[in-house]
Amino acid sequence: MATPTPEEREDRLDQLVQLVVEIASGDGGARMAPSPASDGIDAVIVGVNMLAEELQALNVDLEGRVAERTVQLEQAQLQLERLALYDPLTGLANRTLLGDRINRALARADRGAAPPAVLLLDLDGFKSVNDSFGHTVGDLLLVEVAHRLTGVVRDTDTVARLGGDEFALVVLDATNEQVLATAERIRAALQTPVQVGERSCWVGASIGVCFAQRGQDADTLLRDADTAMYAAKNGVRGTVQIYETAMHTAALSRVRLAEELHGAITGGQLVVHYQSIVDLVSGLTTGVEALVRWRHPTRGLLVPSDFIGVAEDTGLITALDRWVLHTAVAQLATWRATALGAGKFVLHVNISPVELRTPRFADDVVQCLDRHGVSATDLMLEVTETQLMGEDAQTVAALEALRAAGIGMAIDDFGTGYSSIGYLRRMFLDVVKIDRSLITGLDTDRHQHRVAAAILAIVDAFGLEAVAEGVETAGQAERLRALGCRYGQGYHWGRPVPADAMTALLLASAAPSET
Amino acid sequence: MVVGVDPLGIVRLSWARGLRITEQLAQDAMALVDETNADRKRPLLVDMTGTATLTRDARRAFTRRCSASRIALLGRSPVDRVIANFAMGTSSVPVPTRFFTSQLAAVAWLRDGDTNT
């Protein structure tokens with residue numbers, strides 16, 4: 001082949017410079033054909049071509065990797081968003097997303113749409129499932145409930161889980177009928193038991209409804225729905241309550257009451273009154289029930305039904321129960337030293353089931369007795385029948401420890417709850433206190449008489465002692481004695497009285513040690 | 001391309017002049033060399049004199065291990081040298097590979113090891 005002339009070489013060098021300029025300007029596809037000479041200039045041309053190809057390929061690789069990373073980032077962001085806005089267990093919206101949806105619905109209402117409604121529901125009986133079958137079953141139950149709730153709302157509505165067994169629904173453009181129909185569908189959906197493995201679990205729901213007002217904010221709407229739900233929960237369970245302003249006022253007054261109760265426990269406003277428990281055969285006082293009273297600075301003397309609910313809701317019940325236990329045991333020690341002597345006498349003290357789930361509760365009770373030199377057999381702890389439902393391993397362990405120490409256990413208000421014969425079979429029970437509702441009219445109503453007789457027969461069949469509560473007349477006392485009931489308590493023998501008055505009664509009593 | 005074995009036991013691969021070696025051509029050539037060698041490992045002399053270029057994908061194909069025990073790339077012009085060095089430098093070749101402008105030197109290196117190009 002012919003050797004290129006200097007002009008030809010100069011021309012190729014100019015073209016090569018132009019190629020480099022084009023590549024530098026971003027034209028990654030620019031190339032130049034080498035000459036047949038295959039000389040040094042051609043070698044540089046081929047090298048630049050191959051470097052450009054390499055650069056172009058690297059760019060494509062890089063862009064591919066950027067695109068891949070972008071997709072990964074978007075997925076990560078979606079996942080984060082999911083974590084931030086959705087409940088991981090049920091996949092429902094969480095509180096944050098619910099708040100957002102409510103705000104959007106309220107904004108729509110401000111632009112002329114109908115305001116939304118919020119339904120807040122709390123499962124009735126969920127705690128029992130959790131306590132009895134464990135958290136795994138409880139979680140599966142929540143997932144199924146979430147599924148059922150999603151099935152009864154429209155696509156435009158939002159279902160959220162707020163935590164625990166609390167769910168919320170936002171219903172857009174809500175009419176009264178529509179919302180109540182939704183609430184009814186929820187109740188119906190929960191009526192079928194949830195099958196978890198081999199177990200069938202029943203739960204109901206107490207539902208609070210709040211219809212939004214224009215200009216209202218999400219927090220207030222949720223708060224008011226919660227207040228309505230609370231009212232439903234505290235009324236007849238499994239019902240629907242629509243928010244009314246009076247409920248908020250009541251809720252505020254409960255908050256105030258809780259604050260005051262806190263001060264009352266530490267500030268000496270609580271007192272213990274004692275009511276006699278009488279042997280129906282001998283007529284002698286064989287024990288007392290300690291009943292807490294609150295000397296409220298403005299409202300006067302309050303009975304437990306005025307404040308126990310608040311104490312339970314706020315966790316103050318533990319401090320309250322402990323205070324009553326210590327005060328009453330100390331009082332019993334004094335009575336032993338002064339009025340009672342060594343004869344049989346039993347102090348009944350009410351405790352919340354929450355206590356039984358508190359570690360070391362049994363130890364604390366035993367220590368309290370030791371500190372005051374009171375025998376364990378002098379103490380009988382009372383737990384309400386309805387509250388004992390769903391006893392868990394910790395409760396059973398506490399009951400066994402109390403029993404091992406010699407402390408008696410009574411089931412209170414028997415006949416007001418499920419009146420489960422299963423309870424009477426339990427090894428930890430000593431005494432059954434028959435609720436006053438079964439005693440009222442005993443001496444005049446034959447039907448009531450038969451019911452009381454049946455219950456007393458069952459109690460006796462299980463080898464337990466019965467204490468009839470709310471005995472108001474001599475006739476009732478006589479009927480009970482005739483039916484084989486051993487003990488009675490009620491206004492017939494006396495109202496609950498302060499310690500001083502009870503001391504006087506005990507001193508005046510002929511022979512308490514003879515019981 | 002042409003593939004054969006010379007009397008010295010060296011496998012010879014010759015590329016046509018002016019050829020743009022693509023990934024497919026590279027794979028075909030390697031398959032042919034492997035077929036020629038059967039189960040044996042033998043030195044390979046590649047005559048790449050006058051090839052136009054070697055694509056990026058073709059270079060990557062040459063990084064696959066084949067039946068050659070070592071590879072001598074034979075060329076003549078500065079262009080051949082640049083292309084050969086791209087083949088050796090931008091990819092990690094699996095066996096010892098060198099560029100030669102002398103066939104004698106290439107054969108000597110393939111037969112008994114190192115020598116000058």
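Two strands pair if DSSP finds at least two bridges between them. Strands (E, at least two residues) and helices (H or I, at least four) are DSSP runs, numbered from the N terminus. In chain B, five strands make an open sheet of mixed pairing, ordered β1-β2-β4-β6-β7. This is a predicted model: local features need pLDDT of at least 70, side-chain atom pairs count only at pLDDT 80 or more, and totals for chains, interfaces and linings use all residues. Residues are numbered from 1 along each chain as its sequence is written, while chains are lettered from A and ligands numbered from 1 in the order in which they are written.

**Chain B: sheet**
- The edge strands, β1 (2-5) and β7 (97-100) of chain B, each pair on one side only.
- From one strand to the next, the twist averages 20°; axes are lines fitted to C-alpha atoms, for helices over the stretch in contact, and angles run from 0 to 180 degrees between N-to-C directions.
- Strand β6 (residues 68-74) of chain B runs parallel to β7(B), joined by four bridges.
- Leu73(B) stands opposite Phe99(B) in β7(B).

**Chain B: helices on the sheet**
- Helix α1 (residues 23-37) of chain B packs on the sheet and touches β1, β2 (11-14), β4 (42-47) and β6 of chain B. Its direction makes about 155° with that of β2(B).
- Helix α3 (residues 78-89) of chain B also packs on the sheet, touching β6 and β7 of chain B. Its direction makes about 175° with that of β7(B).

**Chain B: overall**
- Chain B has four helices and seven strands.
- Their order from the N terminus is β-β-β-α-β-β-α-β-α-β-α.
- Of the 117 residues in chain B, 35% are buried (20 or more other C-beta atoms within 10 Å of the residue's own, with C-beta atoms placed from the backbone).

**Chain A: around β6**
- Seven of the eight residues in strand β6 (residues 204-211) of chain A are buried.
- Strand β1 (residues 117-124) of chain A pairs with β6(A) in the antiparallel sense over eight bridges.
- Val118(A) stands opposite Cys210(A) in β6(A).
- Strand β7 (residues 240-242) of chain A pairs with β6(A) in the parallel sense over three bridges.
- Ile242(A) in β7(A) is the bridge partner of Val209(A).

**Interface**
- In all, 13 residues of chain A are in contact with 11 residues of chain B (C-beta atoms, placed from the backbone, within 7 Å).

Key
Contact = placed C-beta atoms within 7 Å. Buried ≥ 20, exposed ≤ 12 C-beta atoms within 10 Å, placed from the backbone.
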